[in-house]
Amino acid sequence: MINRIRAYSIAIAGFLLGSAGTALAQGSKVVARYHRYWLPDQATAIAGKVDDMFNLILWITSVVFVLVAVVLVYFLIRYRARPGGKAIFYHGNTRLEIIWTVIPALIVIALGFLSKDLWSQIKQQFPAENDALVIDVRPRQFQWDIRYAGADGKFNTPDDITTINQLHVPAGKNVLIKLTAQDVIHSFFVPEFRVKQDAVPGMVTKTWFNVPKPGHFEIACAELCGLGHYRMRGYLTVDTQADFDAWYSKQQSEKAAQLAPPPVAPAAPTGGSTTDSALIPPKGDTATHGTVTGDSAGAKKTDTATGK
Amino acid sequence: MESTAQVLERPHATEEHHGHAHPQLSFLEKYVFSLDHKVIGIQFMFSSLFFLLVGGWLALLVRWQLGFPGQAIPWYLAGFLVPESIASASVIQPNTYNTLFTMHATFMVFFAIMPMMIGLFGNFLIPLQIGARDMAFPVLNMLSFWLSVPAGLLMLASFFVEGGPASAGWTSYAPLSAVADFTGVGVGQNLWGISLLVLGVSSIMGAINYITTIINMRAPGMTMFRMPLPTWAIFITAILLLLAIPVLSAAIGLLLMDRTLHTSFFIPAGLTVTGNPLAGHTGGGQPLLWQHLFWFFGHPEVYIMILPAMGITSEILAVFARKPIFGYRAMIFSISAIAFLGWIVWGHHMFQSGMNPVLGTTFMISTMVIAVPSAIKVFNWLGTLWGGQIQFTVPMLNALAFVSMFTIGGLSGIFMASTPVDSFIHDTYFIVGHIHYVLFGGSLFAGFAGITFWFPKMFGRMMNPTIGKIHFWLTFIFFNCTFFPMHILGIAGHMRRIFDPNEYPHLAHLQPINTFITVSALLLGFTQLIFIANLFISLRTGKRAGNNPWRSNTLEWTVPSPTGHGNFEVVPTVYHGPYEYSSPMTDEDFLPQDQPVDPERMKLAQGMGHH
Ligand SMILES: [Cu+2]
Ligand SMILES: [Cu+2]
């Protein structure tokens with residue numbers, strides 16, 4: 001009797017746990033609508049695709065878990081020790097071993113291949129630079145230094161527009177972010193885009209997005225970067241093209257006003273690595289390519305091994 | 001099965017008697033600087049439990065800040081023990097917070113789980129299970145323990161130096177960890193490195209000893225494929241240790257040089273510190289180099305912490321299902337497959353690091369594939385339970401918890417193996433939930449299972465089963481309440497390692513989950529005191545165990561509990577595999593490995609149960 005009670009309580013505990021997986025898939029979605037304890041909004045097409053992949057894996061793993069849990073709990077009840085009972089004497093079954101090796105292998109390899117294309121859309125198929133707004137983002141402890149090319153369309157020239165923690169982009173346009181950290185590793189993370197990209201000192205990494213609708217988002221630093229890591233937050237404003245243009249020209253005229261009185265000579269010496277190619281390894285066979293770090297443009301020239 | 005052939009011929013070495021007499025050992029020789037593998041194992045047990053408490057305490061402080069941000073540490077978390085330098089007026093500060101989770105993970109990984117899985121079970125079990133009198137190198141074994149002590153003391157000492165202990169995460173990503181100005185931690189981070197270098201030497205000594213002992217000192221008849229699975233698992237683990245630890249040590253050596261000799265292995269040129277150029281480093285280094293080295297060690301490390309747990313679980317499931325382990329060889333092959341594949345998956349920690357995305361795809365596929373041998377193990381454990389006579393003892397309950405919790409931890413790993421999904425959940429609480437399902441739900445439950453299972457052999461007394469069951473059920477419930485919701489946090493975009501999630505409006509609404517987790521974690525933490533109490537109470541008052549309280553087959557149960565120095569009066573001869581439970585060749589439901597079978601009966605039984 002005690003055995004039976006014990007077995008049933010184990011069964012119930014196991015069942016609750018087993019249901020957790022499916023409940024998670026369905027229940028949470030319903031609950032989430034009201035309490036938002038689930039995936040954040042999807043702001044880009046990529047976010048939707050990442051969520052599809054996430055949900056596919058959630059379904060597969062939930063089904064597997066429920067199957068395992070149900071079998072486990074059933075065995076625990078069915079084969080609990082009984083007085084005078086004798087266990088079967090059985091060492092295994094090669095056929096079963098092959099089945100439960102091959103099926104999981106096929107599933108996970110399929111998941112790998114399904115993930116592959118999406119991964120390449122996120123991290124390899126960047127928009128062409130002439131078809132995108134290119135923004136140079138250089139995080140440091142504990143802020144995001146953001147730089148637009150300005151009127152001349154070139155980076156690291158006096159008319160560059162710089163902001164701190166304020167990233168403005170137009171809706172419906174490809175945005176290409178070039179990241180390089182000034183001190184330690186940071187990570188550019190916008191939860192609504194489902195995309196994260198580390199910013200590493202000494203090398204340039206890239207991430208891109210295209211947000212169809214205007215909105216306000218937060219840029220979170222996702223890589224531990226020191227004691228202010230938790231408050232290293234940026235603001236991303238997605239405007240209509242018109243609003244963005246207005247903001248941009250306002251920034252430009254402010255910059256022009258700053259530059260107008262005594263013309264400040266650019267600190268940068270002329271040369272290959274101080275133009276807009278400073279952040280990107282130049283195409284072709286240029287022997288050295290450099291990274292300009294910090295605001296002292298051109299002061300430091302370093303070899304970058306970008307791993308790309 | 002190979003047992004058939006061996007039964008008829010009696011191996012020759014059986015009659016070799018226990019030659020050397022033991023002179024009276026002083027207290028120091030017997031309990032402190034002991035050469036006896038069992039005593040050394042027990043020493044590792046107590047040191048690992050001590051650091052489990054330290055690491056757990058730090059975790060609860062981390063949770064306190066997340067559950068009740070900005071509130072003073074309550075008396076029951078011993079706020080008075082927290083140095084003023086890291087918590088002014090008992091309120092946790094941002095730099096303290098980074099220190100707390102860094103040291104929590106460091107203690108748990110290197111000073112609690114590893115010594116428990118390898119130091120305790122490796123030392124205690126290997127000679128007993130293979131029928132050896134001791135380890136191959138007893139002095140090396142003693143040194144291995146006594147090097148881990150200064151390593152632990154150095155790590156603890158870092159709490160009392162200026163600037164406090166390391167705060168760059170247990171993964172110590174450079175350049176954050178490579179330049180003191182980036183964290184404000186000077187000596188503390190150096191002590192972190194030096195401590196792990198010393199501990200690395202200790203681990204390598206242990207690994208060499210285990211491998212040598214298993215290869216050379218098995219009793220007659222103890223073929224490799226008759227070895228119990230815990231010994232097999234620790235054997236493979238020792239090989240991983242021997243190959244992985246030197247890589248960590250080398251990486252730490254380079255890091256310490258960057259920190260103290262101003263080399264630039266991990267430091268590129270042109271860095272700034274709060275806007276000013278970083279002085280003293282010429283640059284030319286690569287931050288990603290650290291990550292490659294660290295994870296080349298770090299991923300095998302995960303298996304170093306889980307393979308012994310798998311071996312322990314296999315043993316205990318067979319014993320309390322009273323059945324042969326299902327697929328003994330499949331178990332060994334899958335452990336070996338995990339150990340091999342474990343070397344080519346490290347890049348899955350670096351998908352978002354800036355590593356070439358093509359490489360990311362490659363590491364994704366290898367990572368997906370490594371899920372397969374783990375799945376094989378789960379299915380074989382289920383197969384072991386099928387048709388058994390399952391006894392719900394305390395070790396069995398904990399081993400069953402391992403099976404179910406490890407299943408969750410394994411399945412949640414598939415999410416982050418998928419590169420695009422990882423792009424979202426990387427560095428979120430989803431990962432924190434996952435790793436705790438593997439290391440607490442996995443390793444630690446197996447640790448509880450193993451300690452309660454072999455406690456009678458260590459001390460000659462049973463652990464109190466009632467207290468054991470209370471501890472188990474409370475742990476099981478609070479464990480899930482603590483770590484399951486972390487997945488939800490991660491799915492909602494909650495980054496890990498942030499001092500105050502309320503900084504971010506998109507996380508503020510998650511505070512109720514954080515508070516719930518913290519309350520559960522506090523209950524989970526204090527439940528562990530029940531285990532410690534049970535251990536000490538049972539040392540004095542536990543029921544006398546006898547040689548073989550669980551009616552188990554392996555050789556450690558053929559000798560007295562506790563076992564004397566030298567283990568075996570007569571080196572045993574082994575006649576069959578370790579899991580011949582409920583065999584038709586005997587009237588009992590178990591068949592000790594050193595017990596020959598009547599050849600007549602064997603003939604009758606031929607064909608039954610063998611495939
Ligand atoms: Cu940061
Ligand atoms: Cu890994």
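**Aromatic rings**

Author: In this predicted model, ring pairs join B:Tyr437, B:Phe440, B:Phe445, B:Phe448, B:Phe472, B:Trp473, B:Phe476, B:Phe479, B:Phe483, B:Phe484 and B:Phe531 into a cluster. Over all chains, the structure holds 73 aromatic pairs.

One of these pairs is formed by A:Phe193 and A:Phe209, with 4.7 Å centre to centre and 40° between the planes, a tilted arrangement. This pair links distant parts of chain A: A:Phe193 lies in the loop between strand E6 (186–190) and strand E7 (195–199), whereas A:Phe209 belongs to strand E8 (residues 205–209), 16 residues apart. A:Phe193 counts as buried because its relative accessibility is 3%, and buried means under 20%. A:Phe209 is likewise buried, with a relative accessible area of 3%.

A further pair is found in chain B, between B:Trp64 and B:Phe68. Their ring centres are 4.6 Å apart and their planes stand at 35°, so this pair is tilted. B:Trp64 has a relative accessibility of 7% and therefore counts as buried.

The charged end of A:Arg194 sits over the ring of B:Phe424, 5.0 Å from the ring centre. Within chain B, B:Arg329 lies over the face of B:Phe225, at 4.0 Å from the centre of that ring.

Notes. Residues are numbered from 1 along each chain as its sequence is written. Chains are lettered from A and ligands numbered from 1 in the order in which they are written. This is a predicted model: local features need pLDDT of at least 70, side-chain atom pairs count only at pLDDT 80 or more; totals for chains, interfaces and linings use all residues. Side-chain values use heavy atoms; hydrogens and water are left out. Rings of Phe, Tyr and Trp (its six-membered ring) pair if their centres lie within 6.5 Å; planes under 30 degrees apart count as stacked, over 60 as edge-to-face and the rest as tilted. Helices (H or I, at least four residues) and strands (E, at least two) are DSSP runs, numbered from the N terminus. Buried means under 20% relative accessible area, exposed over 50%, partly exposed in between (1.4 Å probe, protein chains only). A charge sits over a ring if NZ of Lys or CZ of Arg is within 6 Å of the ring centre and within 35 degrees of the ring normal.
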